[in-house]
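The following exercises ask the reader to work through a protein model step by step.

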Amino acid sequence: MPAKKTPPEHCVEVVVLGLEGSGKSSLVRQLRGLCQGGLQRGGAIDVPPTVGVELDNWTWEHTRLKVKEVGGTFVATWLKYCKSFDVLIYMVDLSNPKQLSASIIELFNLLAAPSVAPHPVLVLLSKTDMPVAFPASTFYHFSQIHQLKQHNPDLSITLLEVSAFTHHNLDAVLCWLMERRRPFTHSD
């Protein structure tokens with residue numbers, strides 16, 4: 001007789017947003033791989049773009065991670081998916097100069113939304129390994145995140161540079177998620 005599966009002790013529901021091509025799908029697949037011992041190494045990460053919404057969940061460190069990734073072409077409907085979640089991950093592609101200002105505008109739109117404002121937000125500056133990537137200081141300068149935080153001290157926003165390709169800071173993303181987990185309930 002198989003052993004009874006023990007439910008996880010904790011849960012964290014994550015919404016992953018970002019403009020098209022910002023690295024959302026690659027990040028989710030690599031985080032899952034990191035948790036399950038199957039990181040994709042070397043070569044390009046072959047991930048088709050998300051059309052619509054992709055739901056994924058896995059258990060790591062006694063925690064159920066429930067991830068809702070919304071395609072970048074669905075910007076107009078993002079807030080619809082920000083009704084029931086614990087944390088928001090927002091991806092910014094530092095290698096795409098044409099998207100940088102649009103990414104900042106959409107981030108500010110999200111942060112101003114009543115359904116998002118009370119939740120912790122992790123802004124991931126992605127594709128830092130690309131030869132044409134802006135330095136993170138460019139994002140800081142144009143976004144003025146530090147001033148936004150000064151004017152809204154209740155805003156919980158963290159910025160982190162990542163690369164799904166080189167795995168840079170993927171462990172830090174998991175640590176950030178674990179610090180924001182909550183007790184698991186049967187509705188999870």
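**Exercise 1.** Determine whether Ser-26 is buried or exposed, and state where Ser-26 lies.

*Solution.* A residue is buried under 20% relative accessible area, exposed over 50%, and partly exposed in between (1.4 Å probe, protein chains only). Step 2: Ser-26 has a relative accessibility of 17%, so it counts as buried. Step 3: Ser-26 belongs to helix 1, residues 24-36. Helices (H or I, at least four residues) and strands (E, at least two) are DSSP runs, numbered from the N terminus. Step 4: in space, the C-alpha atoms of Ser-26 and Ala-164 are 6.1 Å apart, although 138 residues separate the two in sequence.

The model is predicted: local features need pLDDT of at least 70, side-chain atom pairs count only at pLDDT 80 or more, and totals for chains, interfaces and linings use all residues. Residues are numbered from 1 along each chain as its sequence is written, and side-chain values use heavy atoms, with hydrogens and water left out.

**Exercise 2.** Describe how helix 1 packs against helix 5 (residues 170-179).

*Solution.* Step 1: the axes of helix 1 and helix 5 are 10 Å apart, and the packing angle is about 80 degrees. Axes are lines fitted to C-alpha atoms, for helices over the stretch in contact, and angles run from 0 to 180 degrees between N-to-C directions. Step 2: that angle makes helix 1 roughly perpendicular to helix 5. The classes are roughly parallel under 35 degrees, roughly antiparallel over 145, roughly perpendicular from 65 to 115, and oblique for the rest. Step 3: helix 1 contributes Leu-27, Gln-30, Leu-31, Leu-34 and Cys-35 to the contact, and helix 5 contributes Leu-170, Asp-171, Val-173 and Leu-174. Contact means heavy atoms within 4.5 Å.

**Exercise 3.** Identify the partners of strand 3 (residues 63-70) and the sense of each pairing.

*Solution.* Step 1: two strands pair if DSSP finds at least two bridges between them. Step 2: strand 1 (residues 10-18) pairs with strand 3 in the parallel sense, over seven bridges. In this pairing, Val-16 is opposite Glu-69. Step 3: strand 2 (residues 53-60) pairs with strand 3 in the antiparallel sense, over eight bridges. Here Trp-60 is opposite Thr-63.

**Exercise 4.** Examine the loop between strand 2 and strand 3, where His-62 lies.

*Solution.* Step 1: the hairpin has two residues between its strands, and Glu-61 takes a positive phi near 50 degrees. Step 2: His-62 is not a glycine, yet has a positive phi of about 60 degrees. Step 3: with 52% relative accessibility, His-62 counts as exposed. Step 4: Thr-6, in the segment before strand 1, is likewise exposed, at a relative accessible area of 67%.

**Exercise 5.** Characterise the packing of helix 2 and helix 3 (residues 136-143).

*Solution.* Step 1: the two axes come within 10 Å and cross at roughly 55 degrees. Step 2: that makes helix 2 oblique to helix 3. Step 3: Leu-100, Ile-104, Leu-107 and Phe-108 of helix 2 meet Thr-138, Phe-139, Phe-142 and Ser-143 of helix 3.
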